[in-house]
Amino acid sequence: MKNKKSLLLLSLLLVLGGCKNDESSSRPFVGKTDGIVTLYSINDFHGKVAQDDSYNGILAVQGAILSDLYYESSALILSAGDMWQGSYVSGYDKGESITELMNAFPFSAMALGNHEFDWGVEQIQKNQEVSDFPFLCANLVEEESGKRPSWIKDHVVLEAEGHKIGIVGAIGAALEGDIKASALEGYEFSSDLDILSESYTACVQEGAEVVLLSLHDDRDSGYTNSIQESDIGFMGIFGGHSHQFQNEKDEKVPYVQGGSDSRGYSYMRIDLNQKELLSIRYEDVERSDLDLADSGFAKTVAKLLEERQAQPIGYLEGKWTKSKSGNLVVKAMFDMARKYYPEKNYDETNLLAIHNTGGVRGSFPESDASLEITMADIQIVSPFDNTVVILPQRKVSSGGLTKTYTYPYDNLGFVGKTIDLVVIDYLLDNTSGMFSKDGALPLEGEGKEAIIYDVVAEYIQENSSKDNPLRAEDF
């Protein structure tokens, strides 16, 4: 990626010299032009506030946008969802502090992503109370009425450069399966495109000259394709969910997505006088962009991180990967099930621990020596508030083991057998099959719930010391 500081200086020199275009750059500096507005979007941030060995952090993201050659005070910043869940800092108060950081950033609107629902609808409403910007989800409807609930908006009309821009928010209709059933109870994501058409029309009736869609869904999903094939007049789509860098500028409705986890952002540059999309791109974020963030915002972030320092848990060592980290997670589930249900005499022949691969989001830090880790490190690997339960006497199917981590690691011998399972409640459904919630036992006994990251922390604490850390090679 090009050096932004150098480009800023070069652009200034070109403008002072009377040149409007830098032929050597893929993004020419055009200077201030009335009626031209840039909209930026961040998707799938997942609470990555701090800069560390793995993530650029929120200051680098803000610095990258503020130093973007097209950034002006009239620019609008949006989110295409999944902003909160994914780190110790964000999980501490279930996204409230992240929302307050988004106020200070500042954001103008956010489309809900599937992980906004991880703590339930009531938490979304609580976070909305501290938000200075609207949450949008046009196709979130009540199962009984089929109508959008009164607490969520479908669209907003924003003003910039004396013009009005409509923003409609939506979420992929198939993403209900990516949310724990209990967290979405009573609601569903509608695939009815008439809903989006009505939201588009509402924007136009309120004076919007162009309308964009902020959509938490991948470009290649069935829902996104159906929007592309429709006659709804969206000028462009800011996307999310798949954590990809995607730029489909030649589509009927141009689509762009800017990576994830503080790795990038996307933008659209629009000539509102001509109702024309001038450019649509994504950009990488560099770690050094942190130095370009607003100083007041930097102080706010530093204060939050100081308040959210996690306590030490235990010690790890070795070349940890996502796979090895997932293997530790299921080993922790297995051992804690043995600890809390000693009367069942669990061993590697009558108990199987299962965790979906998608629920393991990162890896423990690598270290050549014994490294003290905290709950923050654990929640990089396992950030979700899923509870751990035991399912007595379930017949194991090969399909039920698809895309999972298991312990014992070699699980083929369990297929077709009827044994106890220890799983996270994300896997539970209402059928009579392998993951039926009927008869589920909480890990720590009646009346108690064990959250998966607490289970992992307890396992690490009890099985490691500075002189005898848990080693990656054993997992």
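**Rings and cores in a predicted model**

A search of the whole structure, which is a predicted model, finds 18 aromatic pairs.

Visitor: Why is the pair of Phe334 and Tyr407 called edge-to-face?
Guide: The ring centres are 4.9 Å apart, and rings pair if their centres lie within 6.5 Å. The planes stand at 65°, and planes over 60 degrees apart count as edge-to-face. The pair is therefore edge-to-face.

Visitor: What makes this a link between distant parts of the chain?
Guide: Phe334 is in helix H9 (residues 322-340) and Tyr407 in strand S19 (residues 404-407), 73 residues apart. Both Phe334 and Tyr407 are buried.

Visitor: How do you know that the charged end of Lys331 sits over the ring of Tyr407?
Guide: That end is 5.3 Å from the ring centre, and the cut-off is 6 Å, with a further limit of 35 degrees from the ring normal. Lys331 is listed as sitting over the ring. Lys48 likewise lies over the face of Tyr55, at 4.9 Å from the ring centre.

Visitor: Which residues do ring pairs link into a cluster?
Guide: The cluster holds Trp84, Phe105, Phe107, Phe133, Phe135 and Phe297.

Visitor: Which residues have the most contacts inside the largest nonpolar core?
Guide: They are Leu328, Phe364, Ile378, Leu421 and Ile460, in a core of 56 residues. H9 gives the most to this core, with 8 residues. Beyond its neighbours within four places in sequence, Leu328 is in contact with residues including Leu316, Trp320, Phe364 and Ile460.

Visitor: What does the second, separate core include?
Guide: This core has 47 residues, among them Val89, Ile98, Phe135 and Ala293.

Definitions and conventions
Residues numbered from 1 in each chain as written. Predicted model: local features only at pLDDT ≥ 70, side-chain atom pairs only at ≥ 80, totals over all residues. Heavy atoms only, no water. Phe/Tyr/Trp six-rings, centres within 6.5 Å; stacked < 30°, edge-to-face > 60°. Helix = DSSP H or I, 4+ residues; strand = E, 2+ residues; numbered from the N terminus. Buried < 20%, exposed > 50% of the residue type's maximum accessible area, 1.4 Å probe, protein only. Core = buried A, V, L, I, M, F, W, Y, C linked by side-chain atoms within 4.5 Å. Contact = heavy atoms within 4.5 Å.
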